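Subject: Structure handover

Hi,

Here is the structure I promised to pass on. My notes follow below it.

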Amino acid sequence: ETTRHSRIHKQLRRLTMATNNDAVPLLPGLPSGKKGMLKAVVLSAYDLPGREQPIGVSLTVCGREVKTGAPSARHKENNSFKFSSNNGNNNEIVIPDVPLAELYQSVATLTVEYSNAENNLYAEVPLKSAVGVHHTQWLILNLYRAGDTNRSSSSEDTSQPTLRLQMRMEGPFRPEVAALVSLGQAWFGTVDKLEAGCQPLLHLLPKSVPFQNLVLVPTVPIATLIVAVSPIFIGLLIVGLPFFLPVLVVLGSIGATVGGIGAFLYFSGSSGRARLGDLVSPAVTTFLASPPGQRVVYETGPRPTPVTISRAVLPTDLWGKLWISLIIDCIGSSSYLLPFVGEAFDLGWAPLQTVLIMAMYDSVAPNLKYVSFIEELMPLTDVVPSATIGWLAEFGPEVLSISGKQAEQLVGILVPQTTRTNVQR
């Protein structure tokens, strides 16, 4: 029982103390160093040609080369070798201090080296697509001799030589991303310290409070009054909606602001971060693993455009694009809720809508972005469904073709063949 209480106490401390950043990894840690680094751990080489033992494996990238030691063991039957750090044979190779923008765009060459260089085997790894930044990848690479143009699958009587290794590329955040991460970590650390300081005060509160009885007394008359007055209030609201709408918009804005501040404070705490981390971690991980996400977060070269980022997160299927298009057109037309005043909203929405339409439909309707931008800026033209027009341009012929075929099949099922023949005559 004592052990159980001790374990629970430790778990509570992890949720309340300032060291909680490790327990709830909502924000990624700041990478160390200002340049990129490539690390590879060579595990084994399988089905090598001949019986000669290789002298090591070299990694070449960005004009720099590093080598492992010799294999530590040989397979009993196949001509395969294991690499490890035993017996002084280092199987981990690192290329440090390379600009990440240069490293990210490079192709790494791995060479299984022999005493006779003519027997060397090679494999290439495009780091941008095969590894990525801050992702450990397990790779099985096919090996080829220099100048070997026939890189198709091996024949039945021979086995393809392969090299198995673990590779990881690291590098710095972009300055603005690093600043946001540092600010977030400082804020969470401050909130954790406040939570830890408030913990002794919680022990002073009574263990049980007659909350239900205290709330029940004022709740009954208030609920009765609301039920009695609600028909009158709803009727007045419907009749005077044009006059009440600005007030409702203001009240809604105030409520949204208060709710946003409350949500921000809740998700800044340890328990809120834990819940938010469970919700957003899959999406964040997927985004960081995508090429646009890597270009946004890390110093991999020129920053991606808003259109490129939008293409990475927007759907590409028929139904997904349809829903997004309808939402875009609905938001664009919402300015009619406040006539004339709502046109000011279009000044901010027009560029965003144009970027979204470019990301989804620029390949099928390149002039649609101009129509979208103009109809949002001009008064009383928001009714034009620009996004849905783009959806029709991309999927309309396909939908009509499928619908025509299904209609023919339906007619074939419902109408007998003799009836169709008589009608045709």
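Aspartate 47 sits in the loop between β1 (36-46) and β2 (56-61). Strands here are DSSP runs of E, at least two residues, and helices are runs of H or I, at least four residues, both numbered from the N terminus. The phi of aspartate 47 is near 55 degrees, a positive value in a residue other than glycine. Most residues other than glycine have a negative phi. Aspartate 47 is partly exposed, at 26% relative accessibility. On this scale, buried means under 20% relative accessible area, exposed means over 50%, and partly exposed lies in between (1.4 Å probe, protein chains only).

Cysteine 62 also belongs on the phi list. It is not a glycine, yet its phi is positive, at about 55 degrees. Cysteine 62 is in the loop between β2 and β3 (64-67). Its relative accessibility of 23% makes cysteine 62 partly exposed.

Some ground rules. This is a predicted model, so local features need pLDDT of at least 70 and side-chain atom pairs count only at pLDDT 80 or more, while totals for chains, interfaces and linings use all residues. Residues are numbered from 1 along each chain as its sequence is written, and side-chain values use heavy atoms, with hydrogens and water left out.

Now the whole chain. The protein chain has 14 helices and 11 strands. Of its 425 residues, 29% are buried. Take the contacts (heavy atoms within 4.5 Å) with a separation of 6 or more: residues 24 or more positions apart account for 69% of them.

Next, the salt bridges. The rule is a side-chain nitrogen of Lys or Arg within 4 Å of a carboxyl oxygen of Asp or Glu. That gives 7 salt bridges.

- Arginine 273 and aspartate 192 form a salt bridge, 3.0 Å from N to O. Arginine 273 is in helix α7 (residues 270-289) and aspartate 192 in helix α4 (residues 175-202), so the pair ties together parts 81 residues apart in sequence. Both arginine 273 and aspartate 192 are buried.
- Glutamate 170 pairs with arginine 168, with the closest N and O atoms 2.8 Å apart. Glutamate 170 is partly exposed, at a relative accessible area of 21%. Arginine 168 is partly exposed too, at 22%.
- Aspartate 362 pairs with lysine 369, with the closest N and O atoms 2.9 Å apart. Here aspartate 362 is partly exposed at 21% relative accessibility, whereas lysine 369 is buried at 15%.

Back to α7. Where does α7 bend? The bend is at valine 280, by about 50 degrees, and proline 282 follows within four residues. The bend is the angle between axes fitted to the seven residues ending at a residue and the seven starting there. Buried residues in α7 include Ser270, Gly272, Arg273, Gly277 and Leu288.

Two packed helices are described by the angle between their axes and the distance between the axes. Axes are lines fitted to C-alpha atoms over the stretch in contact, and angles run from 0 to 180 degrees between N-to-C directions. Angles under 35 degrees count as roughly parallel, over 145 as roughly antiparallel, 65 to 115 as roughly perpendicular and the rest as oblique. A crossing is left-handed if the near helix is turned anticlockwise from the far one by less than a right angle, and right-handed if clockwise.

Helix α9 (residues 306-313) packs on helix α11 (residues 343-361) at about 60 degrees, with axes 8 Å apart. The two are therefore oblique to each other. The crossing of α9 past α11 is right-handed. Pro306, Val307, Ser310 and Arg311 of α9 make the contact with Val355, Leu356, Met358 and Ala359 of α11.

Helix α10 (residues 318-333) crosses α11 at roughly 165 degrees, and their axes come within 10 Å. That makes α10 roughly antiparallel to α11. This crossing is left-handed. From α10, Lys321, Ile324, Ser325, Ile328, Ile331 and Gly332 meet α11 residues Phe345, Asp346, Trp349, Gln353, Leu356, Met360 and Tyr361.

Last, alanine 130. It lies in helix α3 (residues 127-130). At 27% relative accessibility, alanine 130 is partly exposed. Leaving out residues up to four places away in sequence, alanine 130 touches Val125, Gln137 and Leu139. Alanine 130 and valine 107 are 23 residues apart in sequence, and their C-alpha atoms are 9.7 Å apart.

Best wishes
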